[in-house]
Amino acid sequence: MVKSFRLISVLEGISYLLILFVTMPLKYIFDMPEANKLIGYAHGILFMLYIVMAIMIKIELKWPNKTFFIVLLCSIIPFGTFWMDKKYLRQA
């Protein structure tokens, strides 16, 4: 389960960075919204998987609530999922 969550967290983090640094500039600077729709849809699915799997991992690893909320917060901070992986998942 931890390996799956690590994969989802990395993919979610990459999709978030793509939205912030690639597709949003394409949409608002170059008037090209197509990429934003495609990556945004994928990111939405990955984000929901991230949340569901974080709940499952919290139960499996018996994380305290503080750790769980940090893991959830990392999903909305750029580069947060990569830090979270290093801090909480590599040791698991």
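Contact here means heavy atoms within 4.5 Å, and in that sense Thr67, Ile70, Val71 and Cys74 of helix α3 meet Gly80, Thr81, Trp83, Met84 and Tyr88 of helix α4. The model is a predicted one, and the protein in it has 4 helices and 0 strands, so that the elements, read from the N terminus on, run α-α-α-α. Its C-alpha trace spans about 45 × 20 × 20 Å along the principal axes.

**Overall make-up**

- Of the 92 residues in the protein, 33% are buried.
- Among contacts between residues at least 6 apart in sequence, 65% join residues that are at least 24 apart.

**Packing of α2 against α3**

- Two packed helices are described by the angle between their axes and the distance between the axes.
- For helix α2 (residues 34-61) and helix α3 (residues 65-74), the axes come within 10 Å and cross at roughly 160°, which makes α2 roughly antiparallel to α3, given that angles over 145 degrees are counted in that way.
- The crossing in which α2 passes α3 is right-handed, and the residues that make the contact are Tyr50, Ile51, Ala54, Ile55 and Lys58 on the α2 side, with Asn65, Phe68, Val71, Leu72 and Cys74 on the α3 side.
- Sorted by class, the residues of this contact divide into 8 nonpolar, 1 polar and 1 charged.

**Packing of α3 against α4**

- The axes of α3 and α4 come within 8 Å and cross at roughly 150°, and these two helices are therefore roughly antiparallel to each other.
- On the α3 side the contact is made by Thr67, Ile70, Val71 and Cys74, and on the α4 side by Gly80, Thr81, Trp83, Met84 and Tyr88; by class, this contact has 6 nonpolar, 3 polar and no charged residues.
- Val71 and Cys74 of α3 take part in the contact with α2, and Val71 and Cys74 are also listed among the α3 residues that meet α4.

**The buried face of α4**

- In helix α4 (residues 80-89), the buried residues are Gly80, Thr81, Met84, Asp85, Tyr88 and Leu89.
- Seen down the axis of α4, these buried residues fall within an arc of 135°, so they line one face of the helix.
- An α-helix has 3.6 residues a turn, so residues three or four places apart point the same way.
- The elements that cover the buried residues of α4 include α1 (2-29), α2 and α3.
- Tyr88, which lies in helix α4, has a relative accessible area of 12% and is therefore buried, the cut-off for that class being under 20%.
- Not counting residues up to four places away in sequence, Tyr88 touches Trp63, Thr67, Ile70, Val71 and Trp83.
- From His43, by contrast, Tyr88 is 45 residues apart in sequence and 22 Å apart in space, taken C-alpha to C-alpha.
- Asp85 is likewise found in helix α4, and at 5% relative accessibility Asp85 counts as buried.
- With neighbours within four places in sequence left aside, Asp85 is in contact with Arg6 and Arg90.

**The loop between α1 and α2**

- Asp31 lies in the loop between α1 and α2, and although Asp31 is not a glycine, its phi is positive, at about 55°.
- With a relative accessibility of 64%, Asp31 counts as exposed, since that class begins over 50%.
- Pro33 has its place in the loop between α1 and α2 as well, but at 28% relative accessibility Pro33 counts as partly exposed.
- Pro33 and Thr23 are 10 residues apart in sequence, and their C-alpha atoms are 7.5 Å apart in space.

**The loop between α3 and α4**

- Phe79 lies in the loop between α3 and α4, and its phi is near 70°, a positive value in a residue other than glycine.
- Phe79 is exposed, with a relative accessible area of 51%, whereas Gly80, in helix α4, is buried.

Terms used. Residues are numbered from 1 along each chain as its sequence is written. This is a predicted model: local features need pLDDT of at least 70, side-chain atom pairs count only at pLDDT 80 or more; totals for chains, interfaces and linings use all residues. Side-chain values use heavy atoms; hydrogens and water are left out. Axes are lines fitted to C-alpha atoms, for helices over the stretch in contact, and angles run from 0 to 180 degrees between N-to-C directions. Angles under 35 degrees count as roughly parallel, over 145 as roughly antiparallel, 65 to 115 as roughly perpendicular and the rest as oblique. A crossing is left-handed if the near helix is turned anticlockwise from the far one by less than a right angle, and right-handed if clockwise. Ala, Val, Leu, Ile, Met, Phe, Trp, Tyr, Cys and Pro count as nonpolar, Asp, Glu, Lys and Arg as charged, and the others, Gly among them, as polar. Buried means under 20% relative accessible area, exposed over 50%, partly exposed in between (1.4 Å probe, protein chains only). The arc is that of the directions from the helix axis to the C-beta atoms.
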